[in-house]
Amino acid sequence: MLAIARGSMGAMDALTTLLKAIIMGIVEGLTEFLPVSSTGHLIVTDAVLRFSNSIGGERAAETFEIFIQLGAILAVAVFFARDLLALLRRAVSEAGARRLLLHVLVAFVPAAAVGLLFSDEIKEALFSTRTVALALVIGGIVMLWVESRTHRADTTALESVRLPQAVIIGLAQVASLIPGMSRSASTLVGGLLAGLDRPTALKFSFYLSIPTLGAATVYDFLKNLDSI
């Protein structure tokens, strides 16, 4: 009877962990591309559900988050697959397509460099529910301020994005290394302040998410390879 009871409890624990994992995946899927922080919401959700305890500790939870972030990257890659393939084909012969790819790469560099150099320090010092709460408030205020301004957009096409604008968007993306500061919101705000209209800023943000999230996932994957 004792063995049966223990088996039932184990099955219940496994089911509970599975349900928590599904909730974590839903949170990631809903928040990655909205102007809210997916990392911040995952930290809060983890704290509420005690997901780290259920899955085997913080390292295991971090590894889990790597894989659900991979789902977000694949979603963007599939959604923009036709556009991306066409862009790559045109880059062979068209200067505008090559310039767009270069500017996406330029915008990628600041956050990649800071993240690579200070990844451990950022996670140790800033990955907490208090930081997330403060960052969500600050991010919300910034978005309200940007929305209240009158924008003079002189860039209405992706291939018209200029190098200084790409640099501004890239620097804005650095803010998203703070959990609670949304990557999509940071780059969208940067694009609007740099003179892009909303559709162009949003699409540039999506394009920029592919190398940014891709590099972050590969880096975290290799770093946590022993806990896969």
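A residue is called buried at under 20% relative accessible area, exposed at over 50%, and partly exposed in between (1.4 Å probe, protein chains only). By that rule, 38% of the 228 residues in this protein are buried. The model is predicted, with local features needing pLDDT of at least 70 and side-chain atom pairs counted only at pLDDT 80 or more, while totals for chains, interfaces and linings use all residues. Residues are numbered from 1 along each chain as its sequence is written, and side-chain values use heavy atoms, with hydrogens and water left out.

**Overall architecture**

- The protein has 10 helices and 0 strands, where helices (H or I, at least four residues) and strands (E, at least two) are DSSP runs numbered from the N terminus.
- Its C-alpha trace spans about 75 × 40 × 30 Å along the principal axes.
- Of the contacts between residues at least 6 apart in sequence, 75% join residues at least 24 apart; contact here means heavy atoms within 4.5 Å.

**Confidence**

- The mean pLDDT of the protein is 87, and 95% of the residues reach 70 or more; pLDDT is the predictor's confidence in each residue, from 0 to 100.
- Among the elements, the lowest mean pLDDT (80) belongs to helix α1 (residues 2-31), and the highest (96) to helix α8 (residues 163-174).
- Where pLDDT is low, the predicted coordinates should not be read in detail.

**Packing of α6 and α10**

- Helix α6 (residues 95-126) packs against helix α10 (residues 198-223) at an angle of about 35°, and their axes are 9 Å apart. Axes are lines fitted to C-alpha atoms, for helices over the stretch in contact, with angles running from 0 to 180 degrees between N-to-C directions.
- On the α6 side the contact includes L100, V104 and F108, and on the α10 side F204, Y207 and L208 are among the residues involved.
- The contact residues comprise 11 nonpolar, 3 polar and 4 charged. Ala, Val, Leu, Ile, Met, Phe, Trp, Tyr, Cys and Pro count as nonpolar, Asp, Glu, Lys and Arg as charged, and the others, Gly among them, as polar.

**Nonpolar cores**

- A nonpolar core is a set of buried Ala, Val, Leu, Ile, Met, Phe, Trp, Tyr and Cys residues joined through side-chain atoms within 4.5 Å.
- The largest core has 23 residues, of which L100, V104, L196, F204, Y207 and L208 touch the most other members.
- Helices α5 (81-91), α6, α8, α9 (183-194) and α10 each supply at least two residues of this core, and α6 gives the largest share, 5 residues.
- Apart from this core lies another of 8 residues, including V27, F51, A61 and F64.
- Beyond its neighbours within four places in sequence, Y207 is in contact with F80, D83, L84, L87, L100, V104 and L158.

**Individual residues**

- T131 is in helix α7 (residues 129-148) and counts as buried because its relative accessibility is 17%.
- Neighbours within four places in sequence aside, T131 contacts A125, L126, I178 and P179.
- A86 lies in helix α5 and counts as partly exposed, at 27% relative accessibility.
- The C-alpha atoms of A86 and A97 are 9.4 Å apart in space, and the two residues are 11 apart in sequence.
- R50 sits in the loop between α2 (38-49) and α3 (51-55) and counts as exposed, at 58% relative accessibility.
- Most residues other than glycine have a negative phi. R50 is not a glycine, yet has a positive phi of about 55°.
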